[in-house]
Amino acid sequence: MTETGMEGYNFAYLDEQTKRMIRRAILKAVAIPGHQVPFGSREMPLPYGWGTGGIQLTASILGADDVLKVIDQGADDTSNAVSIRGFFARTAGIKTTTKTRQATIIQTRHRIPETPLREGQIIVYQVPIPEPLRFLEPSEPQTRRAHALAEYGLMYVKLYEDISRNGHIATAFDYPVMVHRRYLMSPSPIPKFDNPKMDRMPALQLFGAGREKRIYAVPPYTRVKSLGFEDFPFQVERWRECCAICGSRESFLDEVIVDDRGARIFVCSDTDYCSERCEPIHSGSQAAPLREHLAAIEREGQACKRPVQFSK
Amino acid sequence: MYVAVKGGERAIANAHRLLAEVRRGDLRVAELGLAQIAEQLGLAVDRVMTEGSLYDRELAALAIKQAQGDLVEAIFLLRAYRTTLPRLGFSEPLDSERMLVKRRISAIFKDIPGGQVLGPTYDFTHRLLDFSLKGNGRSTAGRPADAAALAGEVPPPDASADLFGALRDQEEIGTDSAAPIAASVLEMLRREGLLEAEPDDNSNQPVADLTRQPLQLPADRDMRLQNLARADEGFLHALAYSALRGFGYGSHPFVGEIRVGEVTVEVVPEELGFPIEIGRISITECFMVSRSGESAEASNQFTLGYGLTFGHCERKAMAMSLVDTCLKRVKQEGRAPAPAEDEEFVLYHSDNVEASGFVQHLKLPHYVDFQAELVRMRAGREGTDKNPAPSADGPVTAPQ
């Protein structure tokens, strides 16, 4: 491994002993899918809550040839994603990308890219509260016992109470999943829209919670099932609108308020997916209608109910 | 229209530049030197060293300067630096009976072996603003002992490194092995059998280190004390106060002893096999005695709560010893623990670097989660309300 990066610091910031300790925890986590492995989380130069768990995982698995992508809310250019990408570019001198397809490691907060991940890729999730039962049972010894006994009745009761009160399950993100029919796991605060992507994903999924000092993992092609009932199965949200930029009807949409009167448009939260779909348009003869379309939105602030019409 | 999420990179760079400017403040005012901070804001330095878990006055002063005096931020800076340092070994237990005492008081006996020493304390000052301090350091209330060196003159910031050297040299003079032994007041109680026996200290067993292993519950006392020593002063202070007001104490605690001063740090290098001195550090120690529990047997004995900090952090040391007592005392059966007695509650929430990070992370974008909530709420309103959501933009929920 070439020693590139920042002077006075080891490759990717963490010292090799710490990386070894974290890799051992990762191996254990991969061996017991969905099980939370305690680890000696270090203080990082970024605050807890900013993704220190994910950063430590990435630092431990990063090699000189890796290509790193960092997203926050699905976007490569949100300030925290920019800051974390900059941190690794600086301390490890590795290549970074915004392209999901080109990345070997993808660190994410709150989303899974729309572009399906492939074998050999690793997705690193930043996790604030790794314990799926935490808001039902605040005590750690109690929840550890529940996992040991696979005693998850509490969660089913909670979902049942949701249905009896609201007529539907009221969890919109961080929707609990069962991994390999054994461990109840928090998928991190991704919208439940992303949950189905975790199931039998060809990429390795690693989860790091720095402040809570836990690592867990879902190995490639592992069954990940979102909880539900026979008569109230797990459901994902869909929009009536499509993305105002690329016209996608399949992606998770962010709502953008475009004027003082609350007019809004919907755009893809995954910026790479969106721009990839637009690329032929941007570069080709269809760039003009797109520009016009965007200008119209800015000028008139009108809520867009249909995408720009491109001749295919 | 996409401005809100674009351009993060430039915004961050500009924010850093602006921060540097704000940190420096008005250029007509002389820049603070680290030596000035270390000498004249000494108690801030002590707190940052204690909660930052690193004994280095110069780095703590640097952290305070860099953080514009935000001590929690300074503690974070010091911690993030500390975590990169190699672990060379462990010191021998400090022998605080051989402390070079600067201050030592007991509230349980009028006279104690070695004597009471009031030392530098705010305890009996009248809290009146001393306007003479507004001038150039010429206060009417006491002059620095070494007036010739320090009176009024502010060393230029670049000389601070030298001054640290000079201060260290100054410390070397006057250190002598002939320090008087100040035997702990508690020994007298212990001899009488009035003090609850401590579990045997097993020196073969390695001491827990929270910075290398995650907290595991129930925590042994070494881990608990390390956690409390690193804990946020404000948090411990409030917990200790709540306990004294009846949320979990039920009996009056007594300050057995508070001592502030310098102790020698010794290590045993493997190749030598005997201890050598590697330096001296300044510490505050607090021994709190209280009834060891609420039951009849337990109420015939005292239990000892312990507080320890770097430098002079008396309030923190006292709060720590009170919370230690609360966690240690035998609880009456069937009573729910008060906040200060709940080990998991106290130990998991005491660290201000963790707390500050998690509380402040709410500033980070949460568009996606919020969008998911919006979609769910609008769907719920469409289903239950007679009046549909303000617009017809509501989502359609489809099975997976």
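Let us start with confidence: chain B of this predicted model averages a pLDDT of 82, and 80% of its residues score at least 70. Here pLDDT is the predictor's confidence in each residue, from 0 to 100. Over residues 144–161 of chain B the pLDDT is below 50, and this stretch has 14 contacts in the model beyond near neighbours in sequence. Two residues are in contact if their C-beta atoms, placed from the backbone, lie within 7 Å. Residues 166–179 of chain B also stay under 50, with three contacts beyond four places in sequence. For the complex, the predictor gives an ipTM of 0.75 and a pTM of 0.81.

A word on how to read the names: residues are numbered from 1 along each chain as its sequence is written, while chains are lettered from A and ligands numbered from 1 in the order in which they are written. Because this is a predicted model, local features need pLDDT of at least 70 and side-chain atom pairs count only at pLDDT 80 or more, whereas totals for chains, interfaces and linings use all residues.

Now look at where the chains meet. In chain B, 43 residues are in contact with 58 residues of chain A. The elements of chain B that give two or more residues to this side are α1 (8–24), α5, α13 (352–360), α14 (367–384) and β5 (396–399). These helices (H or I, at least four residues) and strands (E, at least two) are DSSP runs, numbered from the N terminus. With 11 residues, α14(B) gives the most to the side that touches chain A. That side of chain B divides into 21 nonpolar, 12 polar and 10 charged residues. In this count Ala, Val, Leu, Ile, Met, Phe, Trp, Tyr, Cys and Pro are nonpolar, Asp, Glu, Lys and Arg are charged, and the others, Gly among them, are polar.

Next, find helix α4 (residues 57–66) of chain B. Seven of its 10 residues are buried, so α4(B) is largely enclosed by the rest of the structure. A residue is buried if 20 or more other C-beta atoms lie within 10 Å of its own, C-beta atoms being placed from the backbone. Among the buried residues of α4(B) are Arg57(B), Leu59(B) and Ile64(B). Its buried residues pack against α2 (34–40), α3 (42–52) and α5 (71–82) of chain B. After α4(B) comes Gln68(B), with a positive phi near 55 degrees.

Another helix pair deserves a visit. Helices α9 (residues 221–230) and α11 (residues 314–328) of chain B pack at an angle of about 145 degrees, their axes 10 Å apart. Axes are lines fitted to C-alpha atoms, for helices over the stretch in contact, and angles run from 0 to 180 degrees between N-to-C directions. On the α9(B) side, the contact is made by Arg224(B), Leu225(B), Leu228(B) and Ala229(B); α11(B) brings Met320(B), Val323(B), Asp324(B) and Leu327(B). These residues divide into six nonpolar, no polar and two charged.

Finally, turn to chain A, which has eight helices and 13 strands. Of its 312 residues, 50% count as buried. Three of its strands form an open sheet in the order β7-β6-β10, with antiparallel pairing. Two strands pair if DSSP finds at least two bridges between them. At the edges stand β7 (183–185) and β10 (224–226) of chain A, each with a single partner strand, so one side of each is left without a neighbour in the sheet. Three bridges join β6 (residues 177–179) of chain A to β7(A), and Val177(A) has Met185(A) as its bridge partner in β7(A).

Notes. Buried ≥ 20, exposed ≤ 12 C-beta atoms within 10 Å, placed from the backbone.
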